[in-house]
Amino acid sequence: AFGAGDAVVLPKGWYGRWDITETIHKVWVVHEHADVAGASVTPVVVPVSSFAPGEMHATIKIFEDAATSVGLTKCSPGVFPVDKSLVTESFHVLEGEFSLTNADGSVRQCKAGDTVVLPLGWSGQWDIARTLKMVWVETAPAGSSSGFGTSISVSPSSTPTPARLSTITNYPIVKEVCPSTLICVKVPLELLMLDKLMFKDRREKADRGNPRDFTRELVAIGGTSVGSWSCTKGGWDSPTPRTSTETFYVLDGAGYVTDPDGIRHSFGSGDVVVLPKGWYGRWGIIKPIHKVWVLHEHANEVGVRATPIVIPVSRFAPEEMYASSKIYEDGNTRVGFTKCSAGVFPVDDRPFTESFHVLEGDFTLTNADEGVRRCKAGDTVVLPKGWSGQLDVIRTLTKVWVET
């Protein structure tokens, strides 16, 4: 039996029966690995409360085979260099506050409730500000026959960075939505912030400055995906025609894109930008930029010009209680602004997926299963095709939307 606060291990090869006596919510780590000869397939249940060491630093191991090791660690404040050349470590933070510094100098701030993954080959530094307690899982790389004792060679040209996965209570982040369980997806502003993004690399074709970009995809439904992106100052050519239409809202910063014929399209904080499928040219980042983006993978549309569009949100200031303005449309993608005053609005079987960023307002979305999402300015929301439910606008809603 297990309950809140327990750590559970179900080894490879276990089978049996599940019984849920009270609605359960868990953070999980799954490790696909080769069979381990002689390993036990008996479940392990350990209450986290049983780990209460008096020492400043302590570790206990609750499970180990040649592929997977699980345990609990307590560590007092301090600075610790780390080299993960042998294993990937995934851990959930039970108590404490700390930062992780990558080899490239970028920093992730972490605290109780966060889940963190340090990939195989990661090296960097831990700075523990408040005593850390965590439950961890170390996993040996696929194909490793001797597990944790094997020396692993890591290519220096590809430096892994830790992924910080915030605990998201009541906010499902999904890759696909099953038609039988169509729900709205809310992405709170805090999940789009810079410290939640993952470092990609320096721009390969950069010829000005040192542009480094950070990104995080949060929702992917069919051909539509939503996420956040940031990039430092610099410039680079983008000579390959786009394979998708991108719409983004600039949270902060300034930059421009330049068409092959030399026409520049500048944008900054508060602007909405559409880069149609087929566009190519050049990017320039004048001030480190941070944006929320929507990508739409779709078929080619005959006769559509691949010209970028830049529209300041400030241009949309209607006096009416309800107003909508379309700024872009082809046969696959529509982009616009909407203002909607307080009221209750039923929605039945949406004919398309709508992704929108909330500029102003406060509202709730009720799914067909009666699950409710409370949303506010700064949130990003995805309503999948086929969604039915109810919109309750509490304070006048203004949004920039993309229909795909």
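1. As used here, a nonpolar patch is made of residues with over 30% relative accessible area and no salt bridge, their nonpolar side chains being joined within 5 Å. In this predicted model, Phe2, Val8, Leu10, Trp18, Ile20, Ile24 and Val45 make a nonpolar surface patch of about 590 Å². One of these residues, Ile24, lies in the loop between strand S1 (6–9) and strand S2 (44–47), and its relative accessible area of 42% makes Ile24 partly exposed.

2. Phe91 and Trp126 form a stacked pair, with 5.3 Å from centre to centre and 25 degrees between the planes. This pair links distant parts of the chain, for Phe91 lies in strand S6 (residues 88–102) and Trp126 in strand S9 (residues 122–139), 35 residues apart. Phe91 counts as buried at 1% relative accessibility, and Trp126 counts as buried at 7%.

3. Trp126 also forms a stacked aromatic pair with Phe98, at 5.2 Å centre to centre and 15 degrees between the planes. Here again the pair links distant parts of the chain, with Phe98 in strand S6 and Trp126 in strand S9, 28 residues apart. Phe98 has a relative accessible area of 1% and is therefore buried, the limit being under 20%.

4. Elsewhere, Trp229, Trp236, Phe248, Phe267 and Trp283 form one aromatic cluster. On the face of Trp229 lies Lys291, at 4.4 Å from the ring centre. A further contact of a charge with a ring is found at Tyr256, where the charged end of Arg264 sits over the ring, 3.7 Å from its centre.

5. The largest nonpolar core has 25 residues, of which Val219, Val272, Ile327, Val335 and Phe337 touch the most other members. At least two residues of this core are supplied by each of strand S11 (185–187), strand S14 (212–221), strand S19 (271–275), strand S20 (281–296), strand S22 (322–329), strand S23 (334–340) and strand S28 (389–403).

6. Turning to charged pairs, a search of the whole structure finds 22 salt bridges. Among them is the one in which the side chains of Asp237 and Arg282 meet, at 3.0 Å from N to O. Because Asp237 lies in strand S16 (residues 234–238) and Arg282 in strand S20, this pair ties together parts that are 45 residues apart in sequence. Asp237 counts as partly exposed, at 38% relative accessibility.

7. Since Glu403 lies in strand S28 and Arg334 in strand S23, the pair ties together parts that are 69 residues apart in sequence.

8. Glu354 and Arg350, whose side chains meet in a salt bridge at 2.9 Å from N to O, are both buried. Lys84, Glu89 and Glu138, for their part, are linked in a network of salt bridges.

How values were computed. Residues are numbered from 1 along each chain as its sequence is written. This is a predicted model: local features need pLDDT of at least 70, side-chain atom pairs count only at pLDDT 80 or more; totals for chains, interfaces and linings use all residues. Side-chain values use heavy atoms; hydrogens and water are left out. Rings of Phe, Tyr and Trp (its six-membered ring) pair if their centres lie within 6.5 Å; planes under 30 degrees apart count as stacked, over 60 as edge-to-face and the rest as tilted. Helices (H or I, at least four residues) and strands (E, at least two) are DSSP runs, numbered from the N terminus. Buried means under 20% relative accessible area, exposed over 50%, partly exposed in between (1.4 Å probe, protein chains only). A charge sits over a ring if NZ of Lys or CZ of Arg is within 6 Å of the ring centre and within 35 degrees of the ring normal. A nonpolar core is a set of buried Ala, Val, Leu, Ile, Met, Phe, Trp, Tyr and Cys residues joined through side-chain atoms within 4.5 Å. Patches are made of residues with over 30% relative accessible area and no salt bridge: like charges are joined within 9 Å, nonpolar side chains (Val, Leu, Ile, Met, Phe, Trp, Tyr) within 5 Å. Accessible areas come from the Shrake-Rupley method with a 1.4 Å probe; for residues, only the protein chains shown count as cover. A salt bridge is a side-chain nitrogen of Lys or Arg within 4 Å of a carboxyl oxygen of Asp or Glu.
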